[in-house]
Amino acid sequence: MRAVIDVGSNTLRMLIGEETAAGLAPKIYRQKITRLAGGYRDGIGLAAESMQRTLAVFTDYVELLQQMKVDGAKEFWLQKLPGGKS
């Protein structure tokens, strides 16, 4: 099993799939609006409550990955927020 988690400014998405000869066959898809960028302020960054909401969903996703016996994490990408805060 393979998975990807997309942490966006408003939504966390997760796709779990199984490798087949033809590619990756989707098995589970989750999407949750967390509003990570909600309350963002220049010079300060992300709001604590926005980060807490997002972390709670991320934690739920990780638990599901463990239950599904998904292979370990391979790659991460990070896009900086305006003003260089992340």
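**Salt bridges and the nonpolar core**

R2, E19 and D71 are linked in a network of salt bridges. A salt bridge here is a side-chain nitrogen of Lys or Arg within 4 Å of a carboxyl oxygen of Asp or Glu. The structure is a predicted model, in which local features need pLDDT of at least 70 and side-chain atom pairs count only at pLDDT 80 or more, while totals for chains, interfaces and linings use all residues. Residues are numbered from 1 along each chain as its sequence is written, and side-chain values use heavy atoms, with hydrogens and water left out.

The salt-bridge rule gives a count of 4. Side chains of opposite charge can pair when their charged atoms come close. Helices (H or I, at least four residues) and strands (E, at least two) are DSSP runs, numbered from the N terminus. D71 is partly exposed, at 38% relative accessibility. R2 is also partly exposed, with a relative accessible area of 30%. The cut-offs are under 20% relative accessible area for buried and over 50% for exposed, with partly exposed in between (1.4 Å probe, protein chains only).

Another salt bridge joins D6 and R13, at 3.4 Å from N to O. D6 has 37% relative accessibility and counts as partly exposed. R13 is partly exposed at 31%. K27 pairs with E18, and their closest N and O atoms are 3.6 Å apart. K27 is partly exposed, with a relative accessible area of 46%. For E18, also partly exposed, the value is 37%.

Attention now turns to the nonpolar residues. In soluble globular proteins, nonpolar side chains tend to be buried together. A nonpolar core is a set of buried Ala, Val, Leu, Ile, Met, Phe, Trp, Tyr and Cys residues joined through side-chain atoms within 4.5 Å. The largest such core has 9 residues: L12, M14, I16, I28, V57, Y61, L64, L65 and V70. At least two residues of this core come from each of β2 (11–20) and α1. The largest share, 4 residues, is supplied by α1.

M14 is one of the core residues. Neighbours within four places in sequence aside, M14 is in contact with V4, I5, I28, Y29, R30, Y61, L64 and L65. Contact means heavy atoms within 4.5 Å.
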